[in-house]
Structure formats: structure tokens, C-alpha cells
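Biologist: I have a structure open on my screen and would like to learn how to read it. Could you walk me through some features, one at a time?

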Amino acid sequence: MTLLSNYFKTLNGTTNLVLDKSVLISTYCPLDLSIYNVEIQGLQIQDSDECQKYISTILTKNDAKVAYGGYLEKRDLYNDKSAFISKKTHRNIHLGIDFWTKAGTNVTAPLAGTIHSFRNNTAIGDYGPTIILKHSYGSRYFHTLYGHLSLASLEHLYEGMPVNKGDTLATLGTPDINVGYAPHLHFQIIENMEGQVGDYPGVCSEDSLDHYTRNCPDPNLLLQIQ
């Protein structure tokens, strides 16, 4: 158990939301986009329209507004994106939790912190507009990443800007802005940014999984979504 994991245990079972609190947690439902989900085998899940169509069926079936999940999920979602596939490696293991819901939905800070960095990551398959927060616990720090935002979310930000718990941080972007994905928030915990600014890998390969699971623990340790 790491020091960071121990810190999350001190939060005493409090749910820490990353979407507008008006979207009640009772309207969330789990979503499986892994290679093991037979329902999506044969679908062109890499296509944002087809992905959204499947997500919409899950939301309707569960009378829900938000579909969430994906930590350490092995996915085919990236198979059409050259940045994820090379002769040496195949990055297809997801390192955050995704929250699939309507574009324009408010994103909120689950804990107080400061703006570490922000960037519009426009490469195919990347995050699009991205914000990273820095949080302290004792004398140590960790970071939270918010990807697939709207362009307006990056306006008026500056590094070191204070953010309070529950503040509206951003809004979710549309597929043309979030680099071709159905609208959703990618939320990830990162202990050591390893020198990166405005970006950090959200998907890894099998051979790097040990490293990334140590540096990017399960976001639900913080969010505590029941």
C-alpha cells in the first residue's frame, strides 16, 4: 500500500464528484468497453458516432445520465490510431476512469489544488483540451488529469491558479474538439508527472503496466463511487 493510497483511505468513504453535482450519483451506471464485452464485438467502437450509439443504449437501459468505468480496461478503442500501435508495442490498457455523458456538462474539482498545467493535445487519439491539477497531502503531492474538455475550458487559466473543491473547472467537449471521441471526461490520478506538462499517457502497453499502475492508482480510491 503506497502513501498516496493510505491518504485516500483517510477520506472516510466520502464520494468526491468530478461532474456537476446536479447530475446525481444515482443516475450513474457502469460501462464496459473492454475487449471482453461481447456486446461490442463487431462494432466499429473506434467511430465516435457508433460508440455514442452503444453508450446511449446502455444509458437508456439503465435509466441513467452518466456511464462510467474503464480503469485498467483492455480496449479495442485505439486500434485505428497510429500513436497507440507500433512494431514494438501496442498501447491498449486504459489508466483512468471515463465518464460518458453530454458535451457541455460541467467538470468539477474533487479536491482543492492548483493548476499544474494545461494544453490542447490535438494529435489523433489524444485528449484534446486538457487540465492537470496539483494536490498536496502532508509534504507530498499528486496530480489529477481531466481530458476531452471544451476549448473554452482553457481560457483564463494560469499555472499555480488556486482551485477549490467543488469549483467548476471545465466543460466537456464535442467530438470535433476532443479528437474524435464520443463526449466524455477522462479522469486520471498521477503521482509523479515525470517532467510532463499539460499531458500524460492515459493508455499503456502490457509491458509498462507495472510502472503505470504504481504511478496512476485507481481513481475510485479518491472518487469513491459506490
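Biologist: Let me start with the strands. How many bridges join E1 to E2, and do they run parallel or antiparallel?

Modeller: Keep in mind that this is a predicted model. E1 and E2 run parallel and are joined by 3 bridges. To see the pairing on screen, find Pro30, which stands opposite Tyr68 in E2.

Biologist: What is the strand order of the sheet?

Modeller: The sheet is open and has 8 strands, in the order E1-E2-E4-E11-E8-E7-E6-E9, and its pairing is mixed. Strand E1 (28-30) and strand E9 (162-163) are the edge strands, each pairing on one side only. At the E9 end, strand E6 (residues 113-121) and E9 run antiparallel, joined by 2 bridges. Here Gly113 stands opposite Val163 in E9.

Biologist: How do I read the two faces of a strand, and which residues of E2 lie on each side?

Modeller: The general idea is that side chains in a regular strand alternate between the two faces of the sheet. In strand E2 (residues 66-69), Val66 and Tyr68 are on one side, with Ala67 and Gly69 on the other. All four are buried, and both faces of E2 are covered.

Biologist: Now the aromatic rings. How many aromatic pairs are there?

Modeller: Counting rings whose centres lie within 6.5 Å, there are 10 aromatic pairs. Take Phe8 and Phe142: their ring centres are 5.4 Å apart and their planes meet at 85°, so this pair is edge-to-face. Phe8 belongs to helix H1 (residues 3-9) and Phe142 to strand E8 (residues 140-147), so the pair ties together parts 134 residues apart in sequence.

Biologist: Are Phe8 and Phe142 buried or exposed?

Modeller: Both Phe8 and Phe142 are buried. They also belong to one aromatic cluster, formed by Tyr7, Phe8, Tyr137 and Phe142.

Biologist: Which residue lies over the face of Tyr141?

Modeller: That is Lys134, at 4.3 Å from the ring centre of Tyr141.

Biologist: Next, backbone angles. What should I look for in phi?

Modeller: Leu72 has one, about 60°, although it is not a glycine. Leu72 lies in the loop between E2 and strand E3 (93-94). Its relative accessibility is 35%, so Leu72 counts as partly exposed.

Biologist: What is the phi of His148, and where does His148 lie?

Modeller: His148 has a positive phi of about 75°, and it is not a glycine either. You will find His148 in the loop between E8 and E9. With a relative accessible area of 4%, His148 is buried.

Biologist: How far apart are Gly180 and His148 in sequence and in space?

Modeller: They are 32 residues apart in sequence and 9.6 Å apart in space, C-alpha to C-alpha. Gly180 sits in the loop between strand E10 (168-171) and strand E11 (184-190). At 31% relative accessibility, Gly180 counts as partly exposed.

Conventions:
Residues are numbered from 1 along each chain as its sequence is written. This is a predicted model: local features need pLDDT of at least 70, side-chain atom pairs count only at pLDDT 80 or more; totals for chains, interfaces and linings use all residues. Side-chain values use heavy atoms; hydrogens and water are left out. Two strands pair if DSSP finds at least two bridges between them. Rings of Phe, Tyr and Trp (its six-membered ring) pair if their centres lie within 6.5 Å; planes under 30 degrees apart count as stacked, over 60 as edge-to-face and the rest as tilted. Buried means under 20% relative accessible area, exposed over 50%, partly exposed in between (1.4 Å probe, protein chains only). A charge sits over a ring if NZ of Lys or CZ of Arg is within 6 Å of the ring centre and within 35 degrees of the ring normal.
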